[in-house]
Amino acid sequence: MAGRFAPRPTRATVRGGEAVVPAPANGVPRQPGAPGRTRVWVPDGPLELGLALGPLRRGPGDPTFRTTPDGSVWRASRTPAGPGTLRVTARGGEVRGEAWGPGAEWLLEWLPRMLGADDDPSAFVPRHRLLALTAHRRPGLRLTRTGLVLESLIPSVLEQKVTTLEAYQAWRLLVRRFGEPAPGPVPGRMCVMPTARTWALIPSWEWHLAGVDDKRASTILRAVRVAARLEEAAGMEPAAARERLELVPGIGPWTSAETVQRSHGAADAVTVGDLHLPGIVGFALAGDRDADDAAMLRLLEPYAGQRHRAARLVLLSGRVPPRRAPRMAPRGIERF
């Protein structure tokens with residue numbers, strides 16, 4: 001019976017990069033509109049769209065990401081060829097991608113890598129019962145590789161040292177305010193994130209109205225001034241890419257790991273410096289809810305080369321310590 005039903009999403013599984021993709025239902029019409037360029041790809045193993053693409057969603061109101069009742073995942077991206085929209089569906093063991101806009105061909109070329117074609121789940125050997133059970137229950141976990149650095153870096157900077165609600169709100173407001181409408185017959189109001197030049201020209205008061213303090217805004221401004229050099233890191237090994245990212249003041253190990261996990265599909269880029277992750281990993285693997293980064297890394301040491309996958313499986317397991325205090329309240333600096 002347990003295998004017949006998908007686990008119910010929790011706050012931990014959502015943070016683990018799980019986007020709820022509605023199961024295709026009979027009679028649900030496909031999104032109408034002009035046809036785009038298409039590509040069909042057959043993965044070499046189990047694949048769950050919600051797990052592969054879920055880490056790219058920055059909150060339920062992310063204007064660059066949508067799921068629709070027909071079982072589709074929509075993404076709006078700024079590619080090296082220009083803005084583009086990608087619609088992905090999975091049917092009968094094959095994946096169909098449909099894309100619109102100047103970046104359509106680029107998105108379709110990268111479609112397999114976005115869905116984990118470069119990832120090797122067989123390299124992960126579970127050494128804890130919890131991880132073995134979670135890997136068995138979620139065989140469709142593949143690590144995405146987008147090949148786009150800035151679109152993962154900027155929202156990661158916005159998430160520095162604030163609640164997820166604040167970070168998601170800032171991303172949503174800034175992309176809708178300064179981005180451009182996504183090409184194609186998109187569902188709802190989807191937008192492509194701003195260009196590097198547009199990010200650089202956002203006035204200080206607009207950052208303030210979006211709830212972004214000067215430190216995070218300044219980090220983004222420094223990053224977009226060297227956007228071309230940072231995008232070059234997409235072709236580097238994850239370790240070298242992180243070194244280049246961390247040359248920008250304000251980008252540290254936490255931010256670089258969160259970025260290359262998405263842009264490179266880095267299976268070993270474990271996030272350190274996080275407020276909650278060490279305690280979650282410590283509690284799940286050793287019953288230690290007060291674990292720090294050092295303790296977390298010791299617990300993940302048997303998974304060297306696959307530590308990020310191990311941490312994601314911990315989050316997807318849903319085994320988290322009970323709350324000891326209310327959720328941290330947003331600061332709301334835009335009110336001052």
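At what angle do H5 and H6 pack, and how far apart are their axes? I looked this up first in the model, which is a predicted one. The angle is about 130°, and the axes are 8 Å apart.

From H5 I have Glu 151, Ile 154, Pro 155 and Leu 158; they meet Ala 167, Ala 170, Trp 171 and Leu 174 of H6. Sorted by class, the contact has seven nonpolar residues, one charged and no polar.

I then turned to the nonpolar cores. The largest has 34 residues, and Leu 174, Trp 199 and Trp 207 have the most contacts inside it. At least two residues of this core come from each of H5 (150-158), H6 (164-178), H9 (214-225), H10 (227-232) and H11 (238-245). Another core, of 22 residues, lies apart from it; I noted Trp 41, Ala 104, Trp 106 and Leu 107 among its members.

Beyond four places in sequence, the residues Leu 174 touches include Leu 158, Pro 194, Trp 199, Ile 202, Trp 207 and Val 212.

Last entry: Gly 16, in the loop between helix H1 (11-15) and strand S1 (37-41). Is Gly 16 buried or exposed? Its relative accessibility is 3%, so I count Gly 16 as buried. For Gly 16 and Leu 315 I read a C-alpha to C-alpha distance of 5.0 Å, across 299 residues of sequence.

How values were computed: Residues numbered from 1 in each chain as written. Predicted model: local features only at pLDDT ≥ 70, side-chain atom pairs only at ≥ 80, totals over all residues. Heavy atoms only, no water. Core = buried A, V, L, I, M, F, W, Y, C linked by side-chain atoms within 4.5 Å. Buried < 20%, exposed > 50% of the residue type's maximum accessible area, 1.4 Å probe, protein only. Helix = DSSP H or I, 4+ residues; strand = E, 2+ residues; numbered from the N terminus. Contact = heavy atoms within 4.5 Å. Axes fitted to C-alpha atoms, helices over the stretch in contact; angles between N-to-C directions. Nonpolar A, V, L, I, M, F, W, Y, C, P; charged D, E, K, R; others polar.
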